[in-house]
Amino acid sequence: NNIDLRLEAACKELLTESGNFSAITIATGLNDGTREEDCVIAGCDNARERIFDTGLWEADCNVSIYTNADATSALATHTTRTANMRDLFMDDGIEASLNGTDQSILVSSVHSYAISQTIEERMFVSSLNFTTIVSAT
């Protein structure tokens, strides 16, 4: 039922509609593109059915922002983007926001948030991981 792909697409839809990421590429899932340009990638790392044959899934999501560290004001730009990502996905109404996308999913819970930051090959990287309880509608 491709629940993982639907969840990735729902996250991308929220990122796009927020308007805060219009200047950068927004991608989903496994992405083999180069990280020379700033981008944000929304992925569903794995999904497992909670109770056999119910269609209720527990899915781990990851939203990562990549900002070229060599650009002018790169750290300030990256910090602002990271704050916008946190505000978007750590909002109390995130379940309703994901449910309101065009992806035909029903998210009943978003929990277990984890935030990490690093530098990879001259790119600032901030990642937000969270778990969802989701089913197809």
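## Asp70 and Arg122

Asp70 counts as exposed, with a relative accessibility of 54%. In this predicted model, the side chain of Asp70 forms a salt bridge with that of Arg122, at an N to O distance of 2.7 Å. The pair links distant parts of the chain: Asp70 belongs to the loop between β3 and α2, whereas Arg122 belongs to the loop between β4 (105–120) and β5, and the two are 52 residues apart. Arg122 has a relative accessibility of 48% and counts as partly exposed, because the exposed class begins over 50%.

A search of the whole structure finds four salt bridges. One of them joins Arg48 to Glu58, whose closest N and O atoms are 3.2 Å apart. This pair also links distant parts of the chain, with Arg48 in strand β2 and Glu58 in strand β3 (residues 57–68), 10 residues apart.

Arg48 is partly exposed, at a relative accessible area of 34%. Glu58 has a relative accessibility of 19% and therefore counts as buried, the limit for that class being under 20%. Salt bridges that share partners join Arg48, Glu58 and Asp60 into one network.

Arg81 and Asp38 meet through their side chains in a salt bridge of 2.8 Å, N to O. Arg81 is located in helix α2 and Asp38 in the loop between β1 (25–28) and β2 (39–49); the pair, 43 residues apart, links distant parts of the chain. With 12% relative accessibility, Arg81 counts as buried.

Thr82 also lies in helix α2, which comprises residues 74–89. Its relative accessibility is 4%, so Thr82 counts as buried. Leaving aside residues up to four places away in sequence, Thr82 touches Ile65 and Ser126. The C-alpha atoms of Thr82 and Tyr66 are 9.6 Å apart in space, and these residues are separated by 16 residues in sequence.

## Strand β5: Ser135

Ser135 is part of strand β5, which covers residues 123–136. At 16% relative accessibility, this serine falls under the 20% limit and therefore counts as buried. Apart from residues up to four places away in sequence, the contacts of Ser135 are Ile3, Gly55, Leu56, Ser104, Ile105 and Leu106.

Note on methods: Residues are numbered from 1 along each chain as its sequence is written. This is a predicted model: local features need pLDDT of at least 70, side-chain atom pairs count only at pLDDT 80 or more; totals for chains, interfaces and linings use all residues. Side-chain values use heavy atoms; hydrogens and water are left out. Helices (H or I, at least four residues) and strands (E, at least two) are DSSP runs, numbered from the N terminus. Buried means under 20% relative accessible area, exposed over 50%, partly exposed in between (1.4 Å probe, protein chains only). Contact means heavy atoms within 4.5 Å.
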